[in-house]
Amino acid sequence: MGRLIWGLTGLLLSHSALAAEYNMPVGVTEISREVHGLHMLIFGVCCAIGIVVFGVMIYSIFAHRKSVHPKPADFHESIKVEIAWTVAPFVILIAMAIPAAGTLIKMEDSSDSEITIKVTGYQWKWHYEYLNEGVSFFSSLHEDSNRARQLNSGINPADVPNYLLAVDNELVLPVGKRIRFLLTSNDVIHAWWMPAFAIKKDAVPGYINDLWTKIDEPGIYRGQCAELCGRDHGFMPIVVRAVQPEVYEQWIAKRGGKIAGAEEAVAQAVVAAAAPVAVVASELATLSKSELMAEGEKVYKNYCSACHQADGSGMAAANFPALTGSAVANGPVDTHIDRVLKGRNAMAAFAYLQDREIAAVVTYERNALGNAAGDLVQPADVAARRGL
Amino acid sequence: MSTKTAGYFVPAPSAWPFYLTVGLFLMVQGIASYLNGHGGSVLTWIGLAVVLALVWVWMGGVIKESETGQYNDQVDMTYRWGMSWFIFSEVMFFAAFFGALFYARQLSLPWLGGAGDEVMTNALLWPQFENVWPTNGPSALGGEFEIIPPWGVPFLNTLLLLTSGVTLTFAHHALRENKPRKVVVAWMWATVALGATFLYFQAAEYAEAYGHLNLTLESGIYGSTFFMLTGFHGMHVTLGTIMLIVITFRLMKGHFKPDSHFGFEGVAWYWHFVDVVWLGLFVFVYIV
Amino acid sequence: MSEHHDHHDHGPEPGIMRWIKTTNHKDLGTLYLWFAFIMFFIGGVMSLIIRLELFQPGLQWVNPEFFNSMTTMHALIMIFGGVMPAFTGLANWMIPMMVGASDLALPRVNNWGFWILPFAFALLLSTLFMDGGAPAGGWTMYPPLVLQTGDAFPFLIFAVHLMGISSITGAINVIVTILNMRAPGMTLLKMPLFAWSWLITAYLLIATMPVLAGAVTMLLTDKYFGTSFFSAAGGGDPVMFQHVFWFFGHPEVYILILPAFGIVSTIIPTFARKTLFGYDSMVYAMASIAFLSFIVWAHHMFTVGMPLAGELFFMFATMLIAVPTGVKVFNWIATMWRGSMTFETPMLFALGFVFLFTLGGFSGLMLAIAPADFQYHDSYFVVAHFHYVLVPGAVFSIIAAMYYWLPKWTGHMYNESLGKLHFWLSAISINVTFFPQHFSGLAGMPRRIPDYAVQFTDWNVLSSIGAFAFFVAQFIMVYNWIANCVMKKGDVASARVWEGAHGLEWTVPSPAPYHTFEVPPRISEEEITAVHDQPLPAH
Ligand code: HEA
Ligand code: HEA
Ligand code: CUA
Ligand SMILES: [Cu+2]
């Protein structure tokens, strides 16, 4: 509660370090600073009008109460006054509309981008695809937060770093470059919101919206999905790690992508996307059991345990079968892979996971959770079942 | 039963509206559980029967009040205003569907086809899609289909409805000029016949669409707007025809006076409204 | 006015059938108000569940899905079950009395309009017990999300249809009564402002409720009959729903506030003992607001990716609404200016309204600035905005109206000290509830989430405390009204009730007789509240 009092006092000192707790962030882009300026401007104008209007009203309440002003005056119209208080607000509004329009026009101009990223909303995670660099991945709520946010988890959110604002895979972006985001969705409407860049736009299934930014300072920036998208709407955060361009290039390279020349950017994107589902270079290498089991456990926690539970016991009440001792998880491998690739009934298809991830999770399910089928599944096995 | 004082007509307490609501409630319960795949058709029919019975009883009551001279000029005016605003609300209901049609044709389809700022929508999501009306969308929902050419049956239907507006007006004039009832009734039956013929053609057209053209509700945005607009219009024509028939029977029983016949006029307004909606449909759904 | 007292041909019927069969505007007004009251209570309990879960970060009480159902149902119940029926109830009671009519123009239709409501809300509330839970897609029902609703879906749609029928019939009744049933001498521009505000509201209702009906019908056919209005695959667009919805939705928010303007414009002159300032401009302002309300809808959709020209247009049009609304606020203050004010409970709530509604208006104006709205949108800043205009706005006006007119209806006064206590507790706690939400919103807390990042904790703690305090404070009011007015323990009220009150409704005895005007009353010049060229006679 102490911080609260600070917050209220801090209202007057608009740039105090606590501002982030009660005011719009100034942010780290030119646009975000402009938007913050606009926000403070309208806020100031409203305060000023408020002081005048409420001032007069409060004065009247005291001065014209019956006990001190027993005889009411008798006036009830004045064209002049009426015109004055119609025109004055109008002028004030125009004065606010002009800078607002300027900023808006700037925000909507997404030309000349150097990097284009396709952002797809899923219930309830984000998928990022660097269109020219050939890198793509999902980004979901970090598992620590995920564990803590379960009903009566017994974990104190304050003990979880960046509770609800941390993800497994951050979106890495270079500073100083114009970045364009192409937003869409796989299911329902989501909205991609990054307060520090002052950008927010809806991800609408079947349509592409665009958005751009140019980050000035390296850092980690956090945001959340901002359109109600169902049960876990509150649990699909957005984390951007802004780094120097060199670091970004290294990161892309490590991810198996390559940096395309800026001018090819859009043209390539169009071509790449028009081609049937570009299978992103997934590593078809053979993995050891421990590698598979380690990665499998992660995938399982992220995608499967919501229904089948961390220990594989399922949820009988909701018809989510137990995997422990399940005929599929202990039977022929192909059936198992297919179930994950294609889903069935209430279980969605997970074909969008990479071969490696599916191989890992299937291996994990067969050799953990109380099962001991003993066999390993390799990415190539999964690749072979795709499209069957 | 009712009070008629010097100034105001105040109806006696009445349970009709309550029972009507119960009927509606049962009906929508039935439809909802049917849609959920839990049966419910019995409930729907019971509800519908109650609704129809109550409309019959309520309207019958109003007719009786009217014919026993309980209504004064103010009540007449009340009904006029009431009917006008009711028709306005109907206009707005259709406006929602026309709005959907215009929005799809002027905005969403061009965007899907890559117009304006939406190059990427087309390039990334629907590269094979070209915006040509009529369309069932980028995924060609419902499969290939043909549309009903405007200058055949739909044009005939336009003529039918326009003519029915004229015959109805003749009936009205005949009533106002106190011509023999037979004349009024004859014009009315002509109007009813035109309305019924319209409905027959409309039904035949639907059969053709479903049977031969593969044009269905599921044919993407074209099928959706086509059937929803013409379908709701058709429902209104059906209702209008029934009301015309009721009015005709009332005329035959000697109801209405040359200078006081709001029941007639109200239905006539409704019929003209339905007529105008059709013109909108003919132009924007069939022709353009 | 003794000529009204005699012949009561038919008083109320005995027993339950009185309420089922009644065509009397006062009975139906009472039913509407009781109904609204119950719905306010249910909606309030749902908001407490929301605030309980948001009291602390982490999930302690409910599942996310149920939380979303609570948000959705809370809003639908408060708006369609609380505020709208309450205003209709007040219109039922007051408009015939104000314009000198015997009853509403179409009394049986009026009965129908009321009785639809309990059934519609029975449908809606029954979804709480269905497979897949109650609707959880937000009160705005955006597809495709809302199409994921389980068995509740058709019930939601049909409930909305029924509410629409009820609103339209109620609106037609009000319009026709005002246009056709005014007593001789009561010209439109002499009509009490409450009647004017309702005339315009009714127009908005008739123009927009059918559009909502159309929108939800398209949802229904998209889900069950294979149409593709809102699916890109078939050439439709999910965003199209939002346009149709907000074409209804924005006028709807003025439907929720115009009658409040009417109430406040009635109460302030009474307690300032001074004629309303700028009657004509008040009427024109409401008409302009109504007109503008049809061309601003997409300010709810700045982030959907509209073309720039659209964003600019909707931003400018929205900002314009501040002008006529400002005129209203200034006129109220000018009415108070050099008046002779006393601060009975209705006046306190009316003044609370002027302060806090204006505050909500200011945040509305901030939201109208599109580039800034990209930051505000779908954050708690929006939640703070609309609760300021809805709770200390619309709900305060309803409470003010009840305190103001209940003595006229029942013939007994409420307890003034309890009334004042209720006001101060409400005014303080409502600010504790909603003011912090501006801060959490600006700091980045999205709306419609059951759990939040820890830095928002302080504001949410405050907000939850305020919400519980506000809820509890309402029981003072309930006790005050029931014990003193309804059970008739309070002081006997005079016909005029308030020293400064003017208008036809104050010329009849308190409690008002079952049938007020069976013949059109003769209106004396001084009872017309609208314009007074002479100083008011002392009563
Ligand atoms: C009673 C209901 C009510 C009322 C009256 C208003 C009034 C206004 N509203 Fe509000 N609004 C809602 C209910 C209401 N709103 C609801 C329910 C939502 C959210 C819906 C949802 O998403 O669930 C919403 C959301 C909403 C948004 C969308 C936010 C978003 O989702 O991103 C916007 C954006 O423009 C907005 C703007 C306004 C404006 C400009 C007014 C104006 O009418 C306010 C005008 C008043 C004043 C400005 C104060 C008085 C004026 C003066 C003293 C004169 C001088 C002043 C100046 C010149 C500044 N509202
Ligand atoms: C009129 C409308 C109305 C009213 C009154 C309220 C009242 C309250 N609202 Fe609500 N609210 C909405 C409309 C309303 N709200 C809407 C539209 C949304 C958005 C939903 C969405 O996102 O889809 C929302 C969402 C919403 C949220 C955000 C949820 C989320 O985003 O997940 C929260 C959270 O705190 C909240 C809290 C409250 C609280 C604590 C009250 C308290 O004020 C409640 C206490 C009130 C009472 C107990 C009633 C008192 C009145 C009387 C007693 C009058 C008596 C009258 C007669 C006799 C006739 N509301
Ligand atoms: Cu995704 Cu909200
Ligand atoms: Cu709005």
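This tour of a predicted model visits two metal sites in chain C and then a sheet in chain A.

**First stop: the iron atom of ligand 2**

Begin by selecting the iron atom of ligand 2 together with His74(C) and His387(C). These two residues are its protein donors, each through NE2, and they lie 2.0 Å from the iron. The pair brings together distant parts of the chain: His74(C) belongs to helix α3 (residues 64-99) of chain C and His387(C) to helix α14 of chain C, 313 residues apart. For six octahedral donors, the ideal angles are 90 or 180 degrees. His74(C) counts as buried because its relative accessibility is 13%, under the 20% cut-off. His387(C) is likewise buried, with a relative accessible area of 13%.

**Second stop: the iron atom of ligand 1**

Next, remain on helix α14 (residues 380-410) of chain C and select His385(C), which lies in this helix. Its NE2 atom, at 2.2 Å, is the only protein donor of the iron atom of ligand 1.

Finally, move to chain A, where five strands form an open, mixed sheet in the order β3-β2-β1-β5-β8. Select residues 135-139 (β3) and 209-214 (β8) to see the edge strands, each of which pairs on one side only. On average, neighbouring strands are turned by 20° against each other, direction ignored. Then select residues 115-122 (β1) and 178-185 (β5) of chain A: these strands run parallel and are joined by seven bridges. Within this pairing, Ile117(A) stands opposite Phe181(A) of β5(A).

Terms used. Residues numbered from 1 in each chain as written. Chains lettered and ligands numbered in written order. Predicted model: local features only at pLDDT ≥ 70, side-chain atom pairs only at ≥ 80, totals over all residues. Heavy atoms only, no water. Pairing = 2+ DSSP bridges. Helix = DSSP H or I, 4+ residues; strand = E, 2+ residues; numbered from the N terminus. Axes fitted to C-alpha atoms, helices over the stretch in contact; angles between N-to-C directions. Donors = N, O, S within 2.8 Å, 3.2 Å for Na, K, Ca; no water. Buried < 20%, exposed > 50% of the residue type's maximum accessible area, 1.4 Å probe, protein only.
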